[in-house]
Amino acid sequence: IFKHITCRNDFYPRSKVKRFPVPDELVFWKTDYPDYDPPKYTSPGIKGQSYADPDVKDASFHPVWNSLDRGVNRVSHVGDYSVVDGYPINPIGRTGIVGRGLLGRWGPNHAADPVVTRWKRDDTGEFVLNSTTRKKILQMVTIQRHDNKKWAIPGGMVDPGEKVSTTLKREFMEEALNTFGGQTVIEEFFSTGVEIYKGYVDDYRNTDNAWIETVACNFHDETGDRVGKLKLEAGDDAAKVKWLDLNHEVDLHANHAQIVEMAVKRLDAHW
Ligand code: RP5
Ligand code: MG
Ligand code: MG
């Protein structure tokens, strides 16, 4: 069973709050951990933001958990989560911190991740093969995140009421192309997505009461003359953007390497 790693045993990002230690063997709730006493942290920066819920104890807050709640998707891809004293419980297990941290929503925070790929080619346009596996090398558009400097899929949060297909295209345009306009080549390309992952993201912002989930889709430019030819330009929360050669050693944000591997396997590329 999947165990989160990134959201344990470190300082909570952009804070001075240290997570309560959670060793590997005490991640799951079903394992007793009598000494577990995590600190509470909700970033002051999210208060009053349009993307953020009120406090659980706020009299005006009447969330409908495990449901589509007036446009806000509070359904988890992992299954029904439990709610204790009004607080949704992380479906994977302990993170060493309670509260919402930097995340806007209690419970699942839904993101979408566009895995945009093409084949690596030499100057003459021939495929480049890995010398050991003799398989073609897949390249993906990656961005370097401003927040933790890690290379990542150019994903982002699904706005209330927004279709995931819209988020996938919008985030790619914002972060990897720095454009908002709907060029025909982009519109057509983004109608070709294949879902490769749907579920929990091992993101370093997760807490015991708030976590990120995603739908990742692969958009593959087989000939390399559609999005494969567009000029990349980092925008929004991206500091840099590039085509990255994929293999099992790529070091990416959260569990993005695991997600990317699904696209590699689907296209039978080198890994
Ligand atoms: C990730 O955070 C998700 O997989 C997605 O790529 C991203 C969404 O958060 P922001 O990029 O909006 O911070 O873990
Ligand atoms: Mg974004
Ligand atoms: Mg983003």
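This is a predicted model: local features need pLDDT of at least 70, side-chain atom pairs count only at pLDDT 80 or more; totals for chains, interfaces and linings use all residues.
1. A donor, in this note, is an N, O or S atom within 2.8 Å of the metal; water is not among the atoms, so a site may look incomplete. With that in mind, the magnesium ion (ligand 2) is coordinated by Glu 171 (OE) and Glu 175 (OE), at 2.1 to 2.3 Å.

2. Gly 155 belongs to the loop between strand 9 and strand 10 (156-157), whereas Glu 175 belongs to helix 1 (residues 164-177), so the pair ties together parts that are 20 residues apart in sequence. Gly 155 and Glu 175 are buried.

3. Which residue coordinates both magnesium ions? Glu 175 does so, and a distance of 3.3 Å separates ligand 3 from ligand 2.

4. After helix 3 comes Asp 268, with a positive phi near 55 degrees.

5. Two other residues call for a check of the backbone. Ala 254 is a residue other than glycine with a positive phi, near 50 degrees. Ala 254 is located in the loop between strand 13 (238-245) and helix 3. Is Ala 254 buried or exposed? Its relative accessible area is 19%, and buried means under 20%, so Ala 254 counts as buried. Asp 85 is also a residue other than glycine with a positive phi, in this case near 55 degrees. The position of Asp 85 is in the loop between strand 4 (83-84) and strand 5 (87-88). Because the relative accessibility of Asp 85 is 63% and exposed means over 50%, Asp 85 counts as exposed.

6. Rolling a probe the size of a water molecule over the atoms shows where empty space is left. The largest pocket has a volume of about 1,100 Å³. It is lined by 49 residues, of which Tyr 51, His 110, Gly 156, Met 157 and Val 158 are the closest to its centre. At least two lining residues come from each of strand 3 (72-73), strand 7, strand 10, helix 1 and strand 12. By class, the lining of the largest pocket comprises 18 nonpolar, 16 polar and 15 charged residues.

7. What is the volume of the second largest pocket? The computed value is about 170 Å³. Its lining consists of Trp 29, Lys 40, Val 84, Asp 85, Tyr 87, Ile 89, Val 98, Gly 99, Asp 208 and Asn 209. Five of these residues are nonpolar, two polar and three charged. Asp 85, discussed above for its positive phi, is one of the lining residues.

Conventions
Residues are numbered from 1 along each chain as its sequence is written. Chains are lettered from A and ligands numbered from 1 in the order in which they are written. Side-chain values use heavy atoms; hydrogens and water are left out. Helices (H or I, at least four residues) and strands (E, at least two) are DSSP runs, numbered from the N terminus. Donors are N, O and S atoms within 2.8 Å of the metal (3.2 Å for Na, K and Ca); water is not among the atoms, so sites may look incomplete. Buried means under 20% relative accessible area, exposed over 50%, partly exposed in between (1.4 Å probe, protein chains only). On a 1 Å grid over the protein atoms alone, a cavity is a set of points where a 1.4 Å probe fits but cannot get out, and a pocket is an open set with protein on both sides within 12 Å along at least five of seven lines; lining residues have an atom within 4 Å of a point. Grid points are joined across faces, edges and corners, and a volume is the space filled by probe spheres set on the points. Ala, Val, Leu, Ile, Met, Phe, Trp, Tyr, Cys and Pro count as nonpolar, Asp, Glu, Lys and Arg as charged, and the others, Gly among them, as polar.
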